[in-house]
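Here are my comments for you to read with the structure open beside them. Please take the points in order and find each element as it comes up.

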Amino acid sequence: MDSTSQPTPAAAQADNTASVDRTAAKAAKPLRNPCNLCQSVRAILKRPKTGQQLCRECFYHVFETEIHNTIVDNKLFNKGDRVAIGASGGKDSTVLAYVMKLLNDRYSYGLDLVLLSIDEGITGYRDDSLETVKRNRDQYQIPLLIVSYKDLYGWSMDDIVKEIGRKNNCTFCGVFRRQALDRGAIMLNVDHIVTGHNADDIAETVLMNILRGDLPRLQRCTSIITNDTSEDSSGLETSKILRSKPFKYTYEKEIVMYAYFKKLDYFSTECIYSPNAYRGHARVFLKDLEAIRRTTIVDIIHSGEALSASVQANESTKLPTMSTCTRCGYISSNELCKACLLLEGLNKGLPQLGIGHTTKIRRQHEAANLASGLSTPTSLSSPSIDGSRSTDENVKVVTHIKDLGRLANQPTLDIV
Ligand SMILES: [Zn+2]
Ligand SMILES: [Zn+2]
């Protein structure tokens, strides 16, 4: 896509006044198929969310204004916040970076924006999409940090897939990405990460959590802003990075339309490794429903919100209290975080650790530990948050095995 013809945020801002000029010009003869909003220009698209027929400029205006309203109504930011935009080079995060920059300038949010990308190490996919992010960095003049799985964990996704095949690789990728974003945010000294999760993604996750009866995650996925607070043993707060989803009510189709009409430079290939089959079915089901009723996506999100609100009072549905991993120091609800558990499996040649088959794998793990005399400290290349925190490598095997069982019983993470 031609990146040089990219409209600047300033140009887009000027466009908002264009409809006024056109009102005077059209007076002479009636328009065929006029824009439902300005009535002065021919409509060129039917808005997927509402069915309104709109001209290009009115579409930009409603699209951007709805996101601005979402940000303001939910008080997502404070003036002066340093905010990282999780950038993959895909349509959602590219449009998010563009719109965040535009709204930050237009409404003087006073945000200090940075781009944060995760390099999972997927040849032919992530290497190409990261080139897109680098162009976005130059086009939007937003600084960029790329953190890689290889550097953080010693394993790229290519390495992991070579080891475990394609079956469960999304579990590794999802767990590692979540923590890698936190680590990148700490490196960047930001207090807030925004991600490009759109209304379709959230509706899918609501459906999946309802189908699984997972009320705690239903609550988390419907929250527009989440705050994972962790405390270390001395009671000090070590991580408090907000995550939010400014596209919570933005339809995927409209994001695609916006990127298309604005000629934004994004990367559109799907990940080459196996897709999440369960989510795929939820997606197809959602699209079928949407074809019958266009408000389905927003209706499902609202249902999720209503259900969350009604179960909120119930103590038993609360998410586990967050604390820190005894090994890497990052946020975890267990003694050992899921990333460390998965890494341990990889490094010990037991990659199924933490992704099901609990009993069998746990036995293998116990046998492996017995064979090595139980006393061998685990050696992972997991850097601590800062130099002052030493990582505890001598996790007691007994506690550890208990944790493995608990973690392995948890469903695969699908948190947006
Ligand atoms: Zn219009
Ligand atoms: Zn850990």
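**Notes on a predicted model**

1. In strand S5, Ser148 is the bridge partner of Asp119. Please keep in mind, here and below, that this is a predicted model.

2. Helix H9 covers residues 199-212, which is 14 residues, and from its first C-alpha to its last it reaches 20 Å, close to the 20 Å expected at 1.5 Å a residue. After H9 comes Gly213, whose phi is positive, near 65°.

3. Is H9 mostly covered or mostly open? It is mostly covered, since eleven of its 14 residues are buried, among them Ala199, Ile202, Val206, Leu207 and Met208, and also Asp200, Asp201 and Glu204. The elements that cover the buried residues of H9 include helix H10 (215-222) and helix H11 (252-261), together with helix H12 (277-292) and helix H13 (296-311).

4. Finally, UniProt, in an unreviewed entry, places the feature "domain: Cytoplasmic tRNA 2-thiolation protein 1 C-terminal" at residues 324-353. In the model, the chain over residues 324-353 is 33% helix and 10% strand, and its end C-alpha atoms lie 20 Å apart.

Methods. Residues are numbered from 1 along each chain as its sequence is written. Chains are lettered from A and ligands numbered from 1 in the order in which they are written. This is a predicted model: local features need pLDDT of at least 70, side-chain atom pairs count only at pLDDT 80 or more; totals for chains, interfaces and linings use all residues. Helices (H or I, at least four residues) and strands (E, at least two) are DSSP runs, numbered from the N terminus. The expected span of a helix is 1.5 Å times one less than its number of residues. A residue is buried if 20 or more other C-beta atoms lie within 10 Å of its own, exposed if 12 or fewer, and partly exposed in between; C-beta atoms are placed from the backbone. Two residues are in contact if their C-beta atoms, placed from the backbone, lie within 7 Å. Two strands pair if DSSP finds at least two bridges between them. UniProt positions are given in the numbering used here, feature names are shortened, and annotations may be inferred rather than shown by experiment.
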